[in-house]
Structure formats: structure tokens, C-alpha cells
Amino acid sequence: MEASSSHHGLAILFIVLTSQIALTLAYPPFLNDRNIEYIKSSCSTTTYPKLCYQSLSVYASSISTSPKLLVHTALNVTLRASKATSRLMVKISRFHGLEPRVAAAMADCIEVIGDSVDELQQSLGELGHISRSNISLTMSDVQTWVSAALTDEDTCMDGFAGNNMNGYAKTMARKRIIKVAHLTSNALALINNYASTQGYYLP
């Protein structure tokens with residue numbers, strides 16, 4: 001019985017070691033280091049490189065060194081943040097006792113953030129259908145939609161400007177919107193880089 005348990009334990013250990021070796025061979029450390037460096041280098045061209053790196057480095061393995069996957073991931077991260085911010089804005093707008101100016105700014109912001117979400121979704125959908133025959137037109141459309149999303153987010157932030165716009169609701173909303181706007185700005189910079197310096201090259 002003890003021999004059987006010993007053999008069973010050795011078999012499990014062998015499977016674990018084999019799996020670890022296979023994983024190391026499939027994803028050698030130097031490859032992931034190269035991916036990380038690619039993301040860091042790409043993010044250095046954005047307005048908010050630290051945020052860019054923090055938001056994208058966790059996807060290094062899936063991005064690899066592909067400019068198309070880098071752009072796609074940046075847009076996905078931005079879209080998720082925009083949707084989360086939109087949901088938060090709706091919740092905050094339901095707070096009782098909001099100052100009239102805050103409530104008005106919140107209502108306007110919910111509308112324009114909704115537009116921003118739509119524009120980011122359109123850009124992602126368009127990017128998913130990119131090909132060698134339509135890449136120039138597609139990238140132009142994506143740049144236009146992401147630029148429009150950034151404009152909407154700036155409009156939202158402007159609505160919360162001014163010293164007479166104090167309070168928890170304004171602080172929470174503005175903090176989240178600023179982050180989304182920075183993510184969008186970074187995504188746009190990566191898109192512009194892909195469209196220009198990559199020469200519309202499809203990896």
C-alpha cells in the first residue's frame with residue numbers, strides 16, 4: 001500500500017514537473033521580457049506613459065510585439081473603463097440632495113460618455129475587420145471615432161469645472177472621467193503611431 005502511494009506521488013510530481021517544463025518552453029522568460037520592453041517602448045510615445053504601461057503590461061503575453069494587438073488591447077481596456085465609469089455616473093446621479101449644477105453636469109456627462117462608449121465600440125468593431133485592401137480607410141475611421149470619444153470625455157470634464165462644483169459626487173465623477181480620458185488619449189496615440197510609423201503594415 002505504501003509502495004502504491006509512493007508511486008502515485010511520484011507520478012503526480014512527474015506530471016507537475018513536465019507541465020512546468022512545457023510551460024517554460026512555450027513561454028520562455030526572455031520572450032515575455034521582450035514583450036514587456038515592446039509595450040514600454042510603445043507607451044513612451046503616449047501622453048501618459050506610466051498609465052499606458054500599467055494598463056497594458058498585464059497583457060504582454062497576448063500582445064507579444066504586434067502593433068495591431070497593442071492597439072486592440074488599448075481600445076478594449078479603454079472601453080471597459082468607459083463602461084464602468086458610465087455605470088458609476090448613473091449611480092451617482094441617483095443620489096438624493098445633489099446640487100442643481102452637479103445634477104445637470106451629471107446628466108450631460110452620462111449622455112456624452114454614452115456617446116464615447118458607442119464610438120469606442122465602433123472603432124473596435126472596425127479594427128476587427130481590417131485587411132490589406134481597406135487598412136487606410138479603416139484606420140482613418142478608427143482615428144476619427146477615438147478622437148470623437150476623447151472630445152466627449154473632455155466635454156464631460158469641462159462640465160465639472162469651477163470652484164462652485166464641490167462635493168463628493170463631483171470629485172468621484174471627475175476622477176474617473178479623467179482616467180478614462182487619459183486612457184483614450186493613450187489609445188489614440190498608439191493608433192496614430194500604428195497608422196503612421198508602421199506604414200499601415202499588417203502583422
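User: How far apart are the sulfur atoms of C109 and C156?

Analyst: The sulfur atoms of C109 and C156 are 1.3 Å apart, and the two residues form a disulfide, which is defined as a pair of cysteine sulfur atoms within 2.5 Å. Please keep in mind that this is a predicted model, in which local features need pLDDT of at least 70 and side-chain atom pairs count only at pLDDT 80 or more, while totals for chains, interfaces and linings use all residues. Residues are numbered from 1 along each chain as its sequence is written, and side-chain values use heavy atoms, with hydrogens and water left out.

User: Which parts does that pair tie together?

Analyst: C109 lies in helix α6 and C156 in helix α7 (residues 135-159), so the pair ties together parts that are 47 residues apart in sequence. Helices here are DSSP runs (H or I, at least four residues), as strands are (E, at least two), and they are numbered from the N terminus.

User: And are C109 and C156 buried or exposed?

Analyst: Both C109 and C156 are buried, where buried means under 20% relative accessible area, exposed means over 50% and partly exposed lies in between, with a 1.4 Å probe and protein chains only.

User: How many disulfides are there by this rule?

Analyst: The count comes to two disulfides, and the other link joins C43 and C52, whose sulfur atoms are 2.0 Å apart. That link is left-handed, with -70 degrees about the S-S bond, and C43 and C52 are both buried.

User: Switching to helices, how do α5 and α6 pack?

Analyst: Helix α5 (residues 67-93) and helix α6 (residues 100-127) pack at an angle of about 155 degrees, with their axes 9 Å apart. The axes are lines fitted to C-alpha atoms, for helices over the stretch in contact, and angles run from 0 to 180 degrees between N-to-C directions. The two helices α5 and α6 are therefore roughly antiparallel to each other, a label for angles over 145 degrees, whereas under 35 is roughly parallel, 65 to 115 roughly perpendicular and the rest oblique.

User: What about the nonpolar core, which residues touch the most other members?

Analyst: In the largest nonpolar core, which has 51 residues, L56, L75 and F160 touch the most other members. Such a core is a set of buried Ala, Val, Leu, Ile, Met, Phe, Trp, Tyr and Cys residues joined through side-chain atoms within 4.5 Å.

User: Which element gives the most to this core?

Analyst: Helix α8 gives the most to this core, with 12 residues.
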